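Biologist: Please take a close look at one helix and tell me what surrounds it. Start with the overall picture, then work through the part residue by residue.

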Amino acid sequence: MLKNPLILNLLYVLAIGLNIVFLRYFSLHIDALNNNGVRFTVGGLVLFGLIWLKHRYDFRKLIEKPKLALIGVLMGVMMCGNMYFWLKGVALTNAVTASVSGVLAMPFGIAVAGIFFQDERQKLKNKTFWFGSLLTILGALGFVWYGKQIEVGEYFLLGSFFLLLSILIRNVQNLMVKFVNNQINVFTLSFLTSFTAGILSLLFSQQSGKLSELSQISTFLLVSLILVGIYAIGAGMVLTFHVIQQQGIITYQVLELLMPISTAFIAYLLLGETISPMQFVFAGIVIVGASMALNIVPFYKKSSFNKGSNKQ
């Protein structure tokens, strides 16, 4: 896994932005349960093969510490609900609305992280973090507002409610990922979560009589879903868990604020969607704010100022 946080964070933002565009497309063509079932199951099997080759000792650890296995399975159950509500929500709204929901969820995620973890509380004491976060939130909301891409349709409120449920579940998941930090390999945790979510989604699809719909879609679409599933597990789960464990929940929340921009730019490149001049302005505000919140660009250097004052 990449050791440079800046490169890792940039890769994460771009990878998740592309993933959102992919998921938005497949949410319109394939039922949410079938969508999740195929993606998570295939992604989980690929991770199993990787773990068997490079991290086989983790399986012994799961036997010795069944609590870790139980946490992974529980996260899979939550992931099943999380992604079901997210896909239903994005299908009834749009990709950018799904990204904005993450922006509005940031205060809740930060508050929860600060309650449970001392290292997260330390970040909240930094004034630069708060100023940068405020800039990022305002910039992200302005970016979406001037994009005029949020269309309030007949089921927009229902879709927004589903996105809210997804956010609540996701924040609980983030806490669990942080709790097992350094106890289990991120690939093994992702495998347990993904495979459990996939099997549950397929079982629920069978119960609802929708599983047979998979035989009716084209081979090209099914193969594309499988490939996107492998990509999504790597970008949307392994990378996410790694960022949370290595840099913290609050850093993850700041990176989430960049999602509307990465999503819109990737949609511009792949789907030909337009970006207004004002969106470029707000994109710049988001980048500056996020850089300050992540301490890439300090707002001021208090120690240097104090040293200068002491010399006078």
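Modeller: Among contacts in the protein chain between residues at least 6 apart in sequence, 89% join residues at least 24 apart. Keep that in mind as we go. The model is predicted. The chain has 15 helices and zero strands. It runs to 312 residues, and 52% of them count as buried. The accessible surface comes to about 15,600 Å². Carbon and sulfur atoms account for 69% of that surface.

Now to the part itself, helix H1. Ala15 lies in H1, which spans residues 5–29. Is Ala15 buried or exposed? Ala15 has a relative accessibility of 9%. Buried means under 20%, so Ala15 counts as buried. What does Ala15 touch, leaving out residues up to four places away in sequence? The contacts are Tyr231, Ala235 and Leu239. Take Ala235 from that list. Ala15 and Ala235 are 220 residues apart in sequence. In space, their C-alpha atoms are 5.9 Å apart.

Move along H1 to Phe22. Its ring pairs with the ring of Tyr231, and the pair is edge-to-face. The ring centres are 6.0 Å apart, with 85 degrees between the planes. Phe22 lies in H1 and Tyr231 in helix H11, residues 219–247, so the pair ties together parts that are 209 residues apart in sequence. Tyr231 is also one of the residues that Ala15 touches. Phe22 is partly exposed at 27% relative accessibility. Tyr231 is partly exposed too, with a relative accessible area of 28%.

Next comes Phe26, also in H1. Phe26 is buried, with a relative accessible area of 3%. Beyond residues up to four places away in sequence, Phe26 touches Asn35, Leu221, Ser224, Leu225 and Val228. Phe26 and Leu225 are 199 residues apart along the chain. Their C-alpha atoms are separated by 7.4 Å.

H1 also meets helix H4. H4 covers residues 66–92. The axes of H1 and H4 come within 9 Å and cross at roughly 80 degrees. That makes H1 roughly perpendicular to H4. Which residues form this contact? From H1 come Ile20, Leu23, Arg24, Ser27 and Leu28. From H4 come Met83, Trp86, Leu87, Val90 and Ala91. The contact residues divide into eight nonpolar, one polar and one charged.

The whole structure holds 14 aromatic pairs. The pair of Phe22 and Tyr231, described above, is edge-to-face. Phe22 itself is partly exposed. Tyr84 and Phe85 form another edge-to-face pair, 5.8 Å centre to centre and 70 degrees between the planes. Tyr84 is partly exposed, with a relative accessible area of 27%. Phe85 is partly exposed as well, at 22%. There is also an aromatic cluster made of Phe48, Trp52, Phe59, Phe191 and Phe195.

Ser201 is buried, with a relative accessible area of 0%. Leaving aside neighbours within four places in sequence, Ser201 is in contact with Leu33, Asn36, Gly37 and Cys80.

The other is Thr251, in helix H12, residues 249–256. Thr251 is buried, with a relative accessible area of 10%. Why is H12 described as largely enclosed by the rest of the structure? Eight of the eight residues of H12 are buried, so that description applies. Those residues are Ile249, Ile250, Thr251, Tyr252, Gln253, Val254, Leu255 and Glu256.

Ala15 touches Tyr231, Ala235 and Leu239. Phe22 pairs edge-to-face with Tyr231. Phe26 touches Leu221, Ser224, Leu225 and Val228, among others. H4 crosses H1 at roughly 80 degrees.

Conventions: Residues are numbered from 1 along each chain as its sequence is written. This is a predicted model: local features need pLDDT of at least 70, side-chain atom pairs count only at pLDDT 80 or more; totals for chains, interfaces and linings use all residues. Side-chain values use heavy atoms; hydrogens and water are left out. Helices (H or I, at least four residues) and strands (E, at least two) are DSSP runs, numbered from the N terminus. Buried means under 20% relative accessible area, exposed over 50%, partly exposed in between (1.4 Å probe, protein chains only). Contact means heavy atoms within 4.5 Å. Axes are lines fitted to C-alpha atoms, for helices over the stretch in contact, and angles run from 0 to 180 degrees between N-to-C directions. Angles under 35 degrees count as roughly parallel, over 145 as roughly antiparallel, 65 to 115 as roughly perpendicular and the rest as oblique. Ala, Val, Leu, Ile, Met, Phe, Trp, Tyr, Cys and Pro count as nonpolar, Asp, Glu, Lys and Arg as charged, and the others, Gly among them, as polar. Accessible areas come from the Shrake-Rupley method with a 1.4 Å probe; for residues, only the protein chains shown count as cover. Rings of Phe, Tyr and Trp (its six-membered ring) pair if their centres lie within 6.5 Å; planes under 30 degrees apart count as stacked, over 60 as edge-to-face and the rest as tilted.
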